Amino acid sequence: MSLIRGLVSTLYCLPKVYKWFYRPYYLLSLLMTVAFPIVRSCPGLCEYLPSQREDSNSCAFDWREVEILMFLSAIVMMKNRRAITLEQHIGNIFLFSKVANVVLFFRVDLRLGLLYLMLCVVFLITCKPPIYMGPEFIKYFSDSTIDEELRRDGRVTWIVEFYANWSPECQTFAPIFADLSLKYDCLGLKFGKVDIGQYAAAAERYKVNPSPLCKQLPSLLLLQGGRELMRRPLVDMKGRAVGWNCTEENIIREFNLNEMFQRCKKFKQPHEDEDEEEEEPESKKDK
């Protein structure tokens, strides 16, 4: 069922996926994902590879390689059951395919395995996933501006995401948070972000642990007047995040965004209230 859902999701978003491969990160990831099948089936190369096939055809997968690829498919399907976005589905395929390629290359030839592993390390160091650059109504805070901005107007409610650029979960969540800001931003409800990979002091003040072991990233805090009202995910006594999926539906439900938006969009700027007060005496004088 998860495989069918993944295929349907991929076909639905095929135009978007097609555009991804114009970006070096996704193009190189795709090439590294299919590296072993290409080498195994490429004339002029496959003839020199050992094989355990009974017919001694070194240009086709042997039974052990088929087992490894089937095991890879099972792991990808299991991991994609918890994937939220198409980016996560594709990312899981890339990640575990590279692991399978390492095993397959080492099994065939130690030199090929070391070469592929070295390419993976170089790729990891030099190629980073593209950062979301789409439309959004989000204010980015620094360590020195977050406190002042959150306390500037006690009537304004803020939803602040604490994130780190190195976190795959934060990169996946970026378009979801941006979409929420486009739908729910108003005078009384604002969206903000702070990069705790760069501003560690802010993470310490707001008690967000950036350690990958704690799995607190991304953390969403609902704040008003600088005071925390709630956060997701919750944190247990050991400092680890309680399991929670950062889907758009979960955020809307947990933070009660629809009701909050209806209440906060009635918020008026101070000068608007003064104008209304000035209009009332004038109307009484006319009467």
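Let's start with Arg 40. Arg 40 is buried, with a relative accessible area of 2%. Buried means under 20% relative accessible area, exposed means over 50%, and partly exposed lies in between, using a 1.4 Å probe and protein chains only. This is a predicted model: local features need pLDDT of at least 70, side-chain atom pairs count only at pLDDT 80 or more, and totals for chains, interfaces and linings use all residues. Residues are numbered from 1 along each chain as its sequence is written, and side-chain values use heavy atoms, with hydrogens and water left out.

Where is Arg 40? In helix α4, residues 35–41. Helices (H or I, at least four residues) and strands (E, at least two) are DSSP runs, numbered from the N terminus. What does the side chain of Arg 40 make a polar contact with? The side chain of Glu 65, at 2.4 Å. A polar contact is a pair of N or O atoms within 3.5 Å; within protein, one must be able to donate a hydrogen and the other to accept it, and residues adjacent in sequence count only if both atoms are side-chain atoms. Set aside the neighbours within four places in sequence, and Arg 40 is in contact with residues including Cys 46, Leu 49, Asp 62, Glu 65 and Val 108. Contact means heavy atoms within 4.5 Å.

Next, Ser 97. Ser 97 sits in helix α6, residues 86–108. Ser 97 counts as buried, at 7% relative accessibility. Its side chain reaches the backbone oxygen of Ile 93 at 2.6 Å. Beyond its neighbours within four places in sequence, Ser 97 is in contact with Thr 33 and Leu 72.

Now the helix pairs. Two packed helices are described by the angle between their axes and the distance between the axes. Axes are lines fitted to C-alpha atoms, for helices over the stretch in contact, and angles run from 0 to 180 degrees between N-to-C directions.

Take α6 with helix α7, residues 110–126. They pack at about 155 degrees, with axes 5 Å apart. That makes α6 roughly antiparallel to α7. The cut-offs: under 35 degrees is roughly parallel, over 145 roughly antiparallel, 65 to 115 roughly perpendicular, and the rest oblique. The crossing of α6 and α7 is left-handed. Left-handed means the near helix is turned anticlockwise from the far one by less than a right angle; clockwise is right-handed. Who makes the contact? Among them are Phe 105 and Phe 106 of α6, and Leu 114 and Leu 117 of α7. By class, this contact has 10 nonpolar, two polar and one charged residues. Ala, Val, Leu, Ile, Met, Phe, Trp, Tyr, Cys and Pro count as nonpolar, Asp, Glu, Lys and Arg as charged, and the others, Gly among them, as polar.

Tyr 25, Leu 28, Ser 29 and Met 32 in α3 meet Tyr 116, Leu 119, Cys 120 and Phe 123 in α7. That contact has seven nonpolar, one polar and no charged residues.

Last, some backbone details. The peptide bond from Leu 217 to Pro 218 is cis, with omega near -5 degrees. Pro 218 is in the loop between α10 (200–205) and β4 (219–224). Lys 207 is found in the loop between α10 and β4. Lys 207 has a positive phi of about 60 degrees, although it is not a glycine. Is Lys 207 buried or exposed? Exposed, at 67% relative accessibility.
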